[in-house]
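Here is a short report on helix packing, core and sheet. Please read it alongside the model.

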Amino acid sequence: MTRTRRRNALWAFAAAACVVATSAGADENARLVVNGEIEMVTRTAAPAHLNGALPDIRSGWTFRTTETQALQIDDFDNPGMIFVDKAMDAWNSVEGSEGKSCSACHGNPMESMKGVRAVYPKWNEAAGEVRTLVMQINDCRVKRMGAKPWKYTGADMAAMEALISVPSRGMAVNVAIDGPAAETWAKGKEIYYTRYGQLELSCANCHEQNYDNMIRADHLSQGQINGFPVYRLKNTKLNTAHARFKGCVRDTRAETFKPGSDEFIALELYVASRGNGLSVEAPSVRN
């Protein structure tokens, strides 16, 4: 079989797994109001830089079953909040050679971290690079606390990222893609539309061209990351964006990039920008 025929056969196989799903048990028009007071924008006009690629943008919450949606409505029911409580203990704990805690510099995270999650990834002028929130957390740990960096997709990091996200819930994602960040954004866009693996699938094949369809038992979303870190019922833990990227690329039967790599940093910036206008939801709940 020629490479072209083999590629087409694999793509046909993948496409055959998708069947139109009008609801898949989800109420895509439901309103997400957390704790009766934090109203989330889960559907809004697509940002102009998508150039009409999507008619509108939707949170992954709108693709989940009503039972899963309900778990995110109240923090007492949201299993991801357990990890936020754990991160609060770490926030107040002295660690490293400098005898500092996060609170020593930043005080109460519910006040000092408000709005932070909404603008990450962002260009860091001093470092001359686009930084994710994970990178910034580790920079603070190493340079200010004299502590060891956490694993990029580890449990401690996912919990701290969730804690820092909580004060921004309900605020619109607004990552900057112009100026010095433009080159990284363009690289991320290229990766998003590049086909990978034996199945020769790109991010766009599923999350732009086939969202709202079913691939086997999964209701495909637009792949928005405004809710990350995400508590997944599938593995009963918080999952970071880079861990999900890695899983998606692996599912194409490709050799994947590493979490924290230049490729995934660029992809995070691009994917985050696709959700500009949606509310920060983290920690969200997904299947």
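Is α7 mostly covered or mostly uncovered, and how many of its residues are buried? Helix α7 is mostly covered, with nine of its eleven residues buried. Buried means under 20% relative accessible area, exposed over 50%, and partly exposed in between (1.4 Å probe, protein chains only).

This is a predicted model: local features need pLDDT of at least 70, side-chain atom pairs count only at pLDDT 80 or more, and totals for chains, interfaces and linings use all residues. Residues are numbered from 1 along each chain as its sequence is written, and side-chain values use heavy atoms, with hydrogens and water left out.

**Helix packing**

The buried residues of α7 are M157, A158, A159, M160, E161, A162, L163, I164 and S165. Their cover includes α3, α4 (102-106), α5 (109-112), α6 (133-144) and β11. Helices (H or I, at least four residues) and strands (E, at least two) are DSSP runs, numbered from the N terminus.

The axes of α3 (residues 81-91) and α7 (residues 155-165) come within 8 Å and cross at roughly 95°. So α3 is roughly perpendicular to α7, a label for angles of 65 to 115 degrees. Axes are lines fitted to C-alpha atoms, for helices over the stretch in contact, and angles run from 0 to 180 degrees between N-to-C directions. The table lists the residues in contact (heavy atoms within 4.5 Å).

| Helix | Contact residues |
|---|---|
| α3 | F83, V84, K86, A87, M88, A90, W91 |
| α7 | D156, A159, M160, A162, L163, I164 |

Eleven of these residues are nonpolar, none is polar and two are charged. Ala, Val, Leu, Ile, Met, Phe, Trp, Tyr, Cys and Pro count as nonpolar, Asp, Glu, Lys and Arg as charged, and the others, Gly among them, as polar.

**Cores**

The largest nonpolar core has 56 residues. Such a core is a set of buried Ala, Val, Leu, Ile, Met, Phe, Trp, Tyr and Cys residues joined through side-chain atoms within 4.5 Å. W91, I137, M160, I164, F245, L267 and V271 have the most contacts inside this core. Elements that each supply at least two of its residues include α3, α6, α7 and β10. Another core, of six residues, lies apart and includes A30, L32, M40 and W61.

**Sheet**

An open sheet of three strands runs β11-β10-β12, with mixed pairing. Strands pair if DSSP finds at least two bridges between them. The edge strands are β11 (237-239) and β12 (284-286). Strand β10 (residues 230-232) runs parallel to β12, joined by three bridges. Y231 stands opposite V285 in β12.

Definitions and conventions
Angles under 35 degrees count as roughly parallel, over 145 as roughly antiparallel, 65 to 115 as roughly perpendicular and the rest as oblique.
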